[in-house]
Amino acid sequence: MAREEYQGVLLIGDPHVEGRVPGFRKDDYPRVVLEKLKWCLQTAEEQKLLPVILGDLFHVPRDNQNWLLCELLTLFETPVYGIYGNHDCRENQLNEHDTLSILIQAGRYRLLSEDNPWRGTMAGRSVIVGGTSWGQKLPKADAFENEDDSPLVVWVTHHDILVPGYEEQGHLRPYEIEGVAYVVNGHIHRQLEDVQKGQTTWVTPGNIIRRSRSDASRAHVPSVLKLEVTAEGWQRSRLEIPHAAFEDIFHPEMQDETEEGVPSAFISGLAELQSRRTDTGAGLKLFLEKNLPQFETSVATEIQKLADEVSTHDE
C-alpha cells in the first residue's frame with residue numbers, strides 16, 4: 001500500500017510467536033498466534049492502516065524453527081513496522097544472532113527508531129510514527145521542535161512504564177513529549193489505564209495473545225489499538241481479535257485436598273506435573289512456586305538453580 005493511502009495506524013501488542021505450546025495451553029498455540037497475526041494484517045489492509053508491532057514478535061530470541069520463520073516471511077510479504085522487545089534479543093540489544101534480524105535483513109520487518117521513523121501522509125495529514133526498542137532511551141521533549149509541518153506523531157515503546165496496575169514492576173515515569181499525541185507501550189500483557197501528561201497520552205493496550213493461565217489473562221480480551229487520522233487529529237478505538245474462551249484454551253488448575261479438606265499446594269502441584277507435561281516446563285515452575293517457600297533459603301536456592309539449569313537446557 002502506498003504511503004499516501006494509509007488512513008491510520010494499527011498497533012499490535014506483543015505476539016510472542018513460538019514453536020512450542022506455552023504455559024498450560026491445550027491448543028495448537030503456534031498456529032493460533034500466527035492466525036491472530038494474519039487477522040491483524042488483513043484488518044490493517046482492509047482498513048488502510050499501517051501495521052506496527054509493539055515488540056516481542058518472538059518469545060525466544062534465537063533457535064526458532066525454520067518453518068516458523070518461513071511462515072512469517074510469507075505473512076510479512078507486505079513489510080510491517082515495529083520495534084524489538086526484551087524477548088526478541090538475548091543480549092539486551094538486537095544483533096545478527098537473533099531471529100528477528102533475519103526478518104529485518106530480508107526487508108520484511110522495518111525497525112522504527114528516533115532516527116528512522118515512518119514518515120508519510122495519512123488522510124491528507126503529515127504523520128510520523130517513531131519507536132524506541134527495549135533498553136533504548138525515549139525521545140526528549142524537544143525531539144520534534146524543528147518539524148515545519150506540525151505532523152501528527154505517535155510513538156511506540158517496549159518498556160517498564162510506571163502506570164496504574166504496574167506500579168511494582170514499572171520504573172519509567174510517563175512525561176510529556178512535546179509534539180507527540182500518543183505513546184503506545186508494549187511489554188505489559190494486559191490493558192491498563194491511560195496516563196495523561198500534558199498533550200501526551202501514554203497507552204497500555206495489552207497483547208494479542210493470552211500466554212499464561214492467570215486471573216489477569218482470564219480477564220484480558222485480545223485486541224489491537226486503532227488510531228485513525230481525522231481532521232481534528234487522532235481518533236482512537238479498539239478492535240477485538242477473534243479468540244476462544246479461556247476455558248477452551250487452558251487446562252483447568254488441579255485442586256486436590258488434604259484430609260482436613262484444605263487444598264494442598266504439594267499435592268496439587270504434583271498433580272499438575274503428572275497431568276500437564278508442557279513443552280515449557282510450566283508445571284515444574286508452578287510446583288516450585290508453591291512449594292519452595294517451605295524450605296530454608298539455602299536449600300530453596302539450590303533447588304531453584306537446578307530447575308533453572310534444566311529449563312535453560314530445554315530451551
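This is a short tour of the structure, stop by stop.

Before you start, note that this is a predicted model, in which local features need pLDDT of at least 70 and side-chain atom pairs count only at pLDDT 80 or more, while totals for chains, interfaces and linings use all residues. Residues are numbered from 1 along each chain as its sequence is written, and side-chain values use heavy atoms, leaving out hydrogens and water.

**Whole chain.** Show the protein chain as a cartoon: it has eight helices and twelve strands. These are DSSP runs, numbered from the N terminus (helices: H or I, at least four residues; strands: E, at least two). Of the 315 residues, 49% count as buried, where buried means under 20% relative accessible area, exposed over 50% and partly exposed in between, with a 1.4 Å probe and protein chains only. Among contacts (heavy atoms within 4.5 Å) with a separation of 6 or more, 68% link residues 24 or more positions apart.

**Helix 1.** Now select residues 29-46. Colour its buried residues, including Tyr29, Leu37, Cys40 and Ala44. The buried residues of helix 1 pack against several elements, among them strand 1 (8-12), strand 2 (49-53) and helix 2 (66-75). Step just past the helix to Lys48, which takes a positive phi of about 60°.

**His59.** Next, go to the loop between strand 2 and helix 2, where you will find His59. Is His59 buried or exposed? It is buried, with a relative accessible area of 18%. Show side chains here: His59 and His16 are joined by a polar contact of 2.9 Å. (A polar contact is a pair of N or O atoms within 3.5 Å; within protein, one must be able to donate a hydrogen and the other to accept it, and residues adjacent in sequence count only if both atoms are side-chain atoms.) Leaving aside neighbours within four places in sequence, His59 also touches Val17, Glu18, His87 and Arg211.

Finally, look for the open sheet with strand order 5-6-7-8-10-9 and mixed pairing; two strands pair if DSSP finds at least two bridges between them. Strand 5 (118-122) and strand 9 (192-197) stand at the edges with a single partner strand each, so one side of each has no neighbour in the sheet. Zoom in on strands 9 and 10 (residues 200-204), which pair in the antiparallel sense over four bridges. There, Lys197 stands opposite Thr200 in strand 10.
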